[in-house]
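Subject: Structure for your review

Dear colleague,

My notes on what was found follow directly after it.

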Amino acid sequence: MHPPAGTISRFTVEDYQIPGTSLKIDKNIPIFISISAIQRDEKFFPRPEQFDPDRFLQKDQWNHFTYMPFGEGPRLCIGLKFTMDESYVFFRNFVQEIMKKREEAIDKGEGSGYGDFIHQLVLLKKRGIKREEIKNDDEDEENEFLKSDANETDVSWANVDLDDLAAQAMLFFSAGFETTSSLLSFAMFELSSSKNGKQIQRRVAEEVDKVIKEDGGMITYDGLKRMHLLDRVLNETLRLHPPAGTISRFTVEDYQIPGTSLKIDKNIPIFISISAIQRDEKFFPRPEQFDPDRFLQKDQWNHFTYMPFGEGPRLCIGQRFAMMQARLGLAALISKFEFDLCTKKTPVPLKYNKKAFILAPQSGVWLKTKLRRKKK
Ligand code: HEM
């Protein structure tokens with residue numbers, strides 16, 4: 001009834017005429033398939049709005065493609081097995097153990113001020129999820145709450161169990177790795193695949209050397225914040241190659257698409273292509289050119305023309321962490337090495353992997369690496 005991943009994406013392998021309509025989908029077009037809609041279609045599930053676990057007594061009668069909460073075919077969710085076997089148990093125990101230690105620290109009055117991810121999980125476990133919108137984000141009050149038993153009698157709080165908490169940790173784990181590593185791969189590609197890119201690579205190396213020297217030979221947190229060109233390089237990479245190419249939303253009112261006869265109804269799930277908006281020349285002149293310096297004027301842009309981390313209340317929760325991690329990775333690499341693209345293995349222009357869940361290079365980014373000789 002409630003598939004967590006409501007849609008799956010595929011590429012069409014041949015032209016397809018949608019039966020009973022005049023609509024045709026061309027070959028090689030990315031499409032989204034709504035699992036939610038299929039699983040609530042009364043053709044396949046009589047009384048689809050009714051919660052009836054016993055319909056699974058006859059599940060062998062169904063076609064594979066009418067019930068697919070974990071997707072279907074070769075791209076079937078790799079987590080399907082994962083959720084069932086011992087890896088899941090490992091992850092769950094791991095989260096439980098860390099949280100126990102933190103709770104003990106908080107009870108002793110030691111760990112309540114961290115404010116990190118585990119702190120948030122402990123908070124969730126203690127108080128549950130408020131059934132209404134949470135308005136209070138005052139940190140001191142949250143820490144007070146941790147020490148109280150306020151939620152035990154309050155019916156407006158719903159319990160959150162260990163599985164829910166382990167799922168949050170798992171989401172962080174998966175959302176946090178591939179995205180940042182893709183960002184770094186794309187940045188290395190841009191800095192090593194063209195004459196312009198290599199010039200920028202040299203400018204970044206000068207900036208990194210200067211800041212490291214000012215900070216006594218170390219890469220520091222504050223130093224990373226002073227590497228402005230490095231930051232612009234990452235921003236421009238995220239414009240050209242946003243790892244999460246689309247975001248999903250529900251429409252809150254009917255909307256007529258300007259200049260067309262198309263109307264989107266209220267309450268419809270839609271996908272917004274970040275990639276398309278960020279390559280629109282109305283917003284970014286010469287959109288195909290890698291030009292970090294366009295970020296010198298970034299205050300002139302509207303929020304909704306540049307949004308590699310999404311926008312609004314569902315904005316990526318890992319944005320700051322991701323940017324800090326990427327700055328550190330790139331600065332550490334460029335401080336020591338010089339990079340050139342291995343064009344035999346990596347095509348220019350870059351090809352994307354059509355089957356990847358997030359935007360990723362088709363055959364990786366292969367680089368020739370040389371130790372840098374620094375100026376004294
Ligand atoms: C370059 C790296 C990253 C990019 C480009 C990225 C991009 C995004 C985007 C576009 C969204 C959807 C936002 C929306 O719908 O408006 C999102 C959501 C999310 N991201 Fe990231 N992300 C990155 C790194 C991370 C990291 C490092 C973490 C965790 C440590 C993370 C955790 C999450 C989570 C938990 C959500 C769901 C937030 C929610 O639904 O409220 N992301 N991310």
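P349 lies in the loop that runs between β11 and β12 (367–371). Please keep in mind when reading this and everything below that the model is predicted. Is P349 buried or exposed? P349 counts as exposed, because it has 7 C-beta neighbours inside 10 Å, and a residue is called exposed when that number is 12 or fewer.

The next topic is the ligand. The shell around the ligand consists of 21 residues, and G176, T179, G310, C316 and G318 are the ones that come nearest. Which helices each supply at least two residues of this shell? They are α6 (162–192) and α11 (319–336). The largest contribution comes from α6, which gives seven residues. Sorted by class, the shell has 14 nonpolar residues, five polar ones and two charged ones.

In an unreviewed entry, UniProt places the feature "binding site" at C316. In the model, C316 is found in the loop between α10 (274–278) and α11, and C316 is among the residues that come nearest to the ligand. Leaving aside residues up to four places away in sequence, C316 touches F309 and G310. C316 has 18 other C-beta atoms within 10 Å and is therefore partly exposed; a buried residue would need 20 or more.

Finally, I turn to the nonpolar cores. The largest nonpolar core has 26 residues, of which A187, V208, L230 and L234 touch the most other members. Five elements each supply at least two residues of this core, namely α6, α7 (195–214), α9 (228–240), α11 and β11 (337–341). Here again α6 gives the most, with six residues. As an example of the contacts, V208 touches M227, L230, A331, I334 and S335, when residues up to four places away in sequence are not counted. There is also a second, separate core of seven residues, including V95, M99, L165 and A166.

Yours sincerely,
A colleague

Methods. Residues numbered from 1 in each chain as written. Predicted model: local features only at pLDDT ≥ 70, side-chain atom pairs only at ≥ 80, totals over all residues. Near = placed C-beta within 6 Å. Helix = DSSP H or I, 4+ residues; strand = E, 2+ residues; numbered from the N terminus. Nonpolar A, V, L, I, M, F, W, Y, C, P; charged D, E, K, R; others polar. UniProt positions renumbered as here; feature names shortened; annotations may be inferred. Contact = placed C-beta atoms within 7 Å. Core = buried A, V, L, I, M, F, W, Y, C linked by C-beta atoms within 7 Å.
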